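This briefing is intended for a reader meeting the structure for the first time. Please keep the sequence and the model in view while reading the points that follow.

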Amino acid sequence: MNYRKLGKTGWSVSEISLGTWQVGGGWGKPFDDKLANRIIHAAIDRGINFIDTADVYDGGLSEAAVGKALRESTERIYIATKCGRQIQPHVNEGYTPEKLRAFVEASLRNTGLETIDLIQLHCPPTPVYRRDEIFGLFEKLKEEGKIHAMGVSLETVDEALAAMKYEIVSSIQVIFNMFRLKPSETLFSHPDIDKFGIIARVPLASGLLTGKLTADTIFSKEDHRLFNRQGEAFDKGETFSGVDYEKGLIAVQKLKEIFHGKESLAAWAIRWVLMFPEVSTVIPGASKIDQVISNVNASGLPEISSKDMDAVRKIYDKYFKADIHQLW
């Protein structure tokens, strides 16, 4: 495993980490505590020392599973969780320091931790990024010893730029993958980017970039890949990175012509993210131990040539840029 600095925290984190949205089953399946525990330990055993969760993942069960595995481990593991998505309706006016404090304290109880390493706002409405009292709360929580650092998980580059104005913000969690190139053209060129840990989420575009999905793939009614393609439930950029599914399948075939051989497209998609030195860590999810192993092995793949990097960009420009580039 290779390690990279997470911005101003100074932490050395595994460049491949673990996202836990689906760690106990995911995609609408019942949560399996034993499976979650095995997956998390498999990740730790392979050098992963950064685990990302959220209070809304499986109603807090993911958070609890992460905390349990951490207490069972002797390794120094950095835990990142998120708060805010429990606010319904999910609007700017619903965000108050009092509510967010309560969420953080609930996460401390749920994980069994005395201090949360990294607490992140969980894709709040855009106006929240301009509210001093919200970020001031996390300054207070840090002074109280309830958090070590604070970051933001967000939808748009403009939201990232707004959040970066606050000294308390140490990390930016943003969707970045072969089908979402905008951060590399804007956010990564910010003059102070080295002060912020970049956490690349949704690296496989909700499974599209595994190369395993087809026009005949059936998604369950609880799967956001079925019901949220147009943003019916939450920001459509979270589902297949906002790209049209059928067009995405065509683009995947083009990518397979570039990245052929024994290694999976998923592994190359993760390796592609790591080609950007601004990225501190990438957090693919895993619902099986072999997915953890595959994700970790991507770190050891050869560097992608400039020719192939350019070919990926041309596919993005041809199939997606006009549709999505201005949205996120």
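S206 is placed in the loop that runs between β9 (197–201) and α7 (224–227). The model discussed here is a predicted one. S206 has a phi near 60°, a positive value in a residue other than glycine.

- S206 counts as buried, because its relative accessibility of 8% falls under the 20% limit.
- S241 is located in the loop between α7 and α8 (245–258).
- The phi angle of S241 is near 55°, which is again a positive value in a residue other than glycine.
- With a relative accessible area of 0%, S241 is buried.

**A cis peptide bond**

- Q88 and P89 are joined by a cis peptide bond, with omega at about -5°.
- P89 belongs to the loop between β5 and α3 (97–111).

- K82 is part of strand β5, which covers residues 78–83.
- The relative accessibility of K82 is 0%, so this lysine counts as buried.
- The side chain of K82 makes a polar contact of 2.6 Å with the side chain of D52.
- A polar atom of the K82 side chain also lies 2.9 Å from the backbone oxygen of T53.

- T115 sits in the loop between α3 and β6 (116–122).
- Not counting residues up to four places away in sequence, T115 touches L108, G145, K146, I147 and H148.
- In the case of G145, the backbone oxygen lies 2.7 Å from a polar atom of the T115 side chain.
- T115 and F234 are 119 residues apart along the chain, and their C-alpha atoms are separated by 30 Å.

**The fold and dimensions of the chain**

- The secondary structure of the chain amounts to 12 helices and 10 strands.
- The radius of gyration is 19 Å, close to the 20 Å given by the globule rule for 328 residues, so the chain is as compact as a globular protein of that length.
- Taken along the principal axes, the box filled by the C-alpha atoms is roughly 55 × 40 × 40 Å.
- Among contacts in the chain with a separation of 6 or more, 76% are made by residues 24 or more positions apart.

**Burial, surface and charge**

- Buried residues make up 58% of the 328 residues of the chain.
- The chain exposes about 13900 Å², and carbon and sulfur atoms supply 50% of this area.
- There are 41 positive and 44 negative side chains in the chain.
- The centres of these two sets of charged side chains lie 3 Å apart.

Key. Residues are numbered from 1 along each chain as its sequence is written. This is a predicted model: local features need pLDDT of at least 70, side-chain atom pairs count only at pLDDT 80 or more; totals for chains, interfaces and linings use all residues. Side-chain values use heavy atoms; hydrogens and water are left out. Helices (H or I, at least four residues) and strands (E, at least two) are DSSP runs, numbered from the N terminus. The radius of gyration is taken over C-alpha atoms; the globule rule is 2.2 Å times the number of residues to the power 0.38. Buried means under 20% relative accessible area, exposed over 50%, partly exposed in between (1.4 Å probe, protein chains only). Contact means heavy atoms within 4.5 Å. Accessible areas come from the Shrake-Rupley method with a 1.4 Å probe; for residues, only the protein chains shown count as cover. Lys and Arg count as positive and Asp and Glu as negative; His and the chain ends are not counted. The place of a charge is taken as NZ of Lys, CZ of Arg, CG of Asp or CD of Glu. A polar contact is a pair of N or O atoms within 3.5 Å; within protein, one must be able to donate a hydrogen and the other to accept it, and residues adjacent in sequence count only if both atoms are side-chain atoms.
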